Structures are given as structure tokens and as C-alpha cells.
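This report covers a single protein chain. Please look over its sequence and fold before reading on.

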Amino acid sequence: LFLGLELVRDRETLEPATGEAAALVERMRARGVLLSTDGPHSNVLKIKPPLVLDRGDIDMALRLLDEELAGLGSQRST
């Protein structure tokens, strides 16, 4: 299982959100979820969960990712 999520600053221009992706990886690491970046602009979040995981693990990781993405959005609008 491998999932990639491309982060962009603007949906029209598709400007890569390289710095935001790096910050998100670090914030998720601090919360116990390991992600990495990939792609030519290092703006693709690479999610490679362990082979052994349960619904609780998935729910927790998605909840934390949602919180951190919301935090990135609020930082940009201030």
C-alpha cells in the first residue's frame, strides 16, 4: 500500500507547496505518524503504512493529518 498526496499552494497555477509539505511531515512526526515527501518538487506527501494496522490506526492518522492540514490553511490566511 502506497499513497501520495500532492500539495499545491494554488489550485489554478498548481504552484508546488514544498515548504508546507516539509513542515507537515515534521509536525506529523512530532505527533507519532511517519510520512515523507517525494516528487520533483518534494511536495507530494508519501504515505506508506505498515502492513499490520487496524481501523484505529487509520482513523488516528487521518484525524491528525486533517488537524495538521487545517493548521497549514489557517497559517496561510493570517
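Predicted model: local features only at pLDDT ≥ 70, side-chain atom pairs only at ≥ 80, totals over all residues.

Numbering starts from 1 along each chain as its sequence is written, and side-chain values use heavy atoms, with hydrogens and water left out.

**Fold.** The protein has two helices and three strands. Their order from the N terminus is β-α-β-β-α. Helices (H or I, at least four residues) and strands (E, at least two) are DSSP runs, numbered from the N terminus. The C-alpha trace spans about 40 × 30 × 20 Å along its principal axes. Contact means heavy atoms within 4.5 Å. Of the contacts with a separation of 6 or more, 56% are between residues 24 or more positions apart.

**Core.** Buried residues (under 20% relative accessible area; exposed is over 50%, partly exposed in between; 1.4 Å probe, protein chains only) make up 23% of the 78 residues. The largest nonpolar core has 13 residues. Such a core is a set of buried Ala, Val, Leu, Ile, Met, Phe, Trp, Tyr and Cys residues joined through side-chain atoms within 4.5 Å. Among those with the most contacts inside this core are L7, L24, M28 and L35. Helix α1 (18–30), strand β3 (44–47) and helix α2 (55–77) each supply at least two of its residues. The largest share, four residues, comes from α1. Beyond its neighbours within four places in sequence, L35 touches V25, M28, R29, K46, I47 and L65, all by contact.

**Surface and charge.** The accessible surface is about 5500 Å², and carbon and sulfur atoms hold 56% of that. Areas come from the Shrake-Rupley method with a 1.4 Å probe; for residues, only the protein chains shown count as cover. There are 10 positive and 13 negative side chains. Lys and Arg count as positive, Asp and Glu as negative; His and the chain ends are not counted. The centres of the two sets lie 3 Å apart, with each charge placed at NZ of Lys, CZ of Arg, CG of Asp or CD of Glu.

**Positive phi.** Most residues other than glycine have a negative phi. Two loop residues with positive values are listed here.

**A helix position.** A70 lies in helix α2. A70 is partly exposed, at 48% relative accessible area.
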